[in-house]
There are 2 protein chains.
Amino acid sequence: MTEKATAFVPGHVTGFFSAHPADDPAAAGSRGAGLTLTDGVRVTVRPDADAAVSLNGESLDVPAVDGVLDALGASARVEAESDLPLGTGFGVSGALALGTALAANAVFETGRSENELIALAHVADVDAGTGLGDVVAQARGGVPIRLEPGAPGRGELDAVPARSRVEYVAFGTLSTEAVLSGDLDALSAAGESALARLRAEPTLPRLLSASRRFAREADLLTPRVEEAIETVGEAGGEAAMAMLGETVFALGSGLTDAGYEARACAVHPAGATLELDDPGG
Amino acid sequence: MTEKATAFVPGHVTGFFSAHPADDPAAAGSRGAGLTLTDGVRVTVRPDADAAVSLNGESLDVPAVDGVLDALGASARVEAESDLPLGTGFGVSGALALGTALAANAVFETGRSENELIALAHVADVDAGTGLGDVVAQARGGVPIRLEPGAPGRGELDAVPARSRVEYVAFGTLSTEAVLSGDLDALSAAGESALARLRAEPTLPRLLSASRRFAREADLLTPRVEEAIETVGEAGGEAAMAMLGETVFALGSGLTDAGYEARACAVHPAGATLELDDPGG
């Protein structure tokens with residue numbers, strides 16, 4: 001057992017998806033695609049008899065993190081830092097679960113492989129109802145395409161071989177649980193059609209156009225999101241809605257060109273990783 | 001078509017492997033494990049009617065690169081830079097093939113997915129007889145375990161969830177083609193046994209000990225390599241032989257602690273990626 005370990009997990013915005021529930025949470029998940037982001041979550045795990053989770057110093061209840069620690073038989077203090085807003089479609093719960101899995105395995109020397117840790121975190125996020133595909137995407141990095149739902153060994157991934165500067169604006173939260181507990185048929189049909197269009201041409205502009213059409217067909221656009229996407233388009237840019245948040249993301253400087261105050265980051269080149277040198281103690 | 005694109009591909013040292021030839025090069029490959037390295041190969045592709053490949057300014061014949069360009073129907077100048085020594089077990093030919101695939105797809109807008117580009121490069125490296133598993137490992141990054149041989153969709157990967165500083169010394173070259181064209185039965189039996197030991201405990205120390213045993217059982221050690229591995233071990237470090245080169249790699253400062261003049265790098269957190277901002281033009 002070591003004193004602590006830290007993992008970084010990229011943020012993840014999904015542009016479109018279809019939901020694939022299953023009795024076995026390792027087989028459940030989503031098809032879809034999105035971008036992993038250099039803005040992400042840094043998760044530090046320390047052994048502690050009193051388990052507790054905090055994000056930016058604020059205590060937080062994250063069932064997916066509890067699920068990961070339970071699965072590893074670990075009792076720990078989990079401290080996370082992130083600039084990403086919560087509940088707005090950046091995969092923060094998945095990042096907390098995956099970062100906890102990687103760091104806790106290092107601290108407690110639980111001897112799991114990377115795929116096993118990704119699977120643990122995926123199952124915990126699915127069981128908690130907070131995510132269906134963020135974890136596997138965040139483990140891969142880049143611009144992941146989720147071809148088949150589920151944890152490693154069950155699901156299947158590809159990716160768009162491209163990188164870009166990315167901007168985003170979060171107007172507000174949407175409840176993943178509320179959308180996922182509603183009627184998923186129209187949404188999933190739109191998601192499958194978007195996936196087919198992206199697979200025919202796996203490029204960033206196609207990802208964004210397929211995502212815009214998905215948000216419209218799945219009836220998920222809010223007035224603020226719709227206006228921002230249109231304004232970016234009129235300024236010659238590419239924007240889409242993040243699933244599931246009242247959030248717009250754009251390639252390059254699409255949002256600032258359209259007059260929005262946006263945060264800027266980039267497609268993250270790597271999946272979730274342990275930090276190499278853990279400064280301090 | 002754009003003016004140029006650049007990709008970075010990490011170096012890759014294999015610690016142990018079993019060879020799995022097949023009539024279909026996409027299904028051929030190796031099981032095994034190793035480390036991807038922050039020392040790698042930067043590959044720039046420019047459209048050019050006269051196809052040519054250079055490494056650090058020296059013209060070079062790389063059949064795997066020719067195979068990739070053929071598969072993409074692209075005629076290009078490929079310029080690579082690397083600090084890694086050639087022919088000493090760092091997967092330079094695989095890196096050249098994979099970097100060319102990623103950059104050429106971006107330049108010529110050939111519309112392939114990431115898995116398709118990895119498969120192209122894998123097939124080209126296998127067909128050229130220069131590699132059996134470097135490309136898929138270099139596409140994943142980290143500490144890849146090759147569970148099943150072959151390109152994406154055929155092969156299967158896992159990884160050791162750990163990172164480390166890495167040192168290496170290259171004493172000389174070994175011919176991959178010569179070893180792979182020899183009797184592979186004893187080698188592959190040793191490789192399968194090493195894989196089973198690593199899967200039972202997917203940690204860096206276990207990877208290094210399984211690799212040492214493999215090199216001994218497969219009778220690949222040279223006197224200089226054997227001495228270096230022993231000297232590092234006596235100094236309390238962990239070292240093994242890179243497949244296939246007269247090369248020793250060690251965790252942390254294992255080689256310098258043992259008195260060797262070694263190059264230092266680290267486990268690379270990411271797989272091969274396009275560069276985000278292409279400076280100059």
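Let me start with one pair. A:E114 forms a salt bridge with B:R140, and the closest N and O atoms sit 2.8 Å apart. That pair crosses from one chain to the other. Keep in mind that this is a predicted model.

So, how many salt bridges span the interface of chain B and chain A? The rule finds two. Polar contacts between chain B and chain A come to 16 residue pairs.

Which elements of chain B supply two or more residues to the side that touches chain A? They are α2 (92–108), α3 (114–127), β7 (156–159) and β12 (273–274). Of these, α3(B) gives the most, with four residues. By class, this side of chain B has 14 nonpolar, six polar and seven charged residues.

Now the extent of the contact. It takes 27 residues from chain B and 27 residues from chain A. The area buried between the two chains is about 2,100 Å². Carbon and sulfur atoms give 56% of that area. Three residues stand out on chain B's side: B:P161, B:R163 and B:L276. Together they supply 28% of the area that chain B buries against chain A, more than any other three residues.

Next, symmetry. Two copies of a chain are related by a rotation about an axis and a shift along it. Here, chain B can be laid on chain A by a turn of 180 degrees, with a shift of 0.0 Å along the axis. The RMSD is 0.0 Å. That is the relation of a two-fold axis. Which residue of chain B comes closest to the rotation axis? B:A270 does, with its C-alpha at 2.2 Å. And do look at the two faces. Of the interface residues of chain B, 100% are also interface residues in chain A, so the copies meet through the same surface.

On to the whole structure. Side chains of opposite charge can pair when their charged atoms come close. Over all chains, the count comes to 32 salt bridges. One of them joins A:R263 and A:D83, with the closest N and O atoms 3.9 Å apart. The cut-off is 4 Å, so this pair falls within the rule. Where do the two partners lie? A:R263 is in strand β11 of chain A, and A:D83 is in the loop between β5 (76–82) and α2 (92–108) of chain A. The pair therefore ties together parts that are 180 residues apart in sequence.

Aromatic pairs next. Take A:F171 and A:Y260. Their ring centres are 6.4 Å apart and their planes are at 70 degrees, so the pair is edge-to-face. A:F171 lies in strand β8 (residues 165–173) of chain A. A:Y260 lies in the loop between α9 (254–257) and β11 (263–266) of chain A. So this pair ties together parts that are 89 residues apart in sequence.

Last, some backbone details. A cis peptide bond joins A:M243 and A:L244, with omega about 5 degrees. A:L244 is found in the loop between β9 (239–241) and β10 (245–251) of chain A. In chain B, a cis peptide bond joins B:M243 and B:L244, and omega is about 5 degrees. B:L244 sits in the loop between β9 (239–241) and β10 (245–251) of chain B.

Which residue has a positive phi although it is not a glycine? A:D219, at about 60 degrees. Its place is in the loop between α7 (204–217) and α8 (223–234) of chain A.

Note on methods
Residues are numbered from 1 along each chain as its sequence is written. Chains are lettered from A and ligands numbered from 1 in the order in which they are written. This is a predicted model: local features need pLDDT of at least 70, side-chain atom pairs count only at pLDDT 80 or more; totals for chains, interfaces and linings use all residues. Side-chain values use heavy atoms; hydrogens and water are left out. Contact means heavy atoms within 4.5 Å. Buried area is the accessible area (1.4 Å probe) that two parts lose on being put together, summed over both. A salt bridge is a side-chain nitrogen of Lys or Arg within 4 Å of a carboxyl oxygen of Asp or Glu. A polar contact is a pair of N or O atoms within 3.5 Å; within protein, one must be able to donate a hydrogen and the other to accept it, and residues adjacent in sequence count only if both atoms are side-chain atoms. Ala, Val, Leu, Ile, Met, Phe, Trp, Tyr, Cys and Pro count as nonpolar, Asp, Glu, Lys and Arg as charged, and the others, Gly among them, as polar. Copies are superposed by least squares on the C-alpha atoms of residues with pLDDT of at least 70 in both. Rings of Phe, Tyr and Trp (its six-membered ring) pair if their centres lie within 6.5 Å; planes under 30 degrees apart count as stacked, over 60 as edge-to-face and the rest as tilted.
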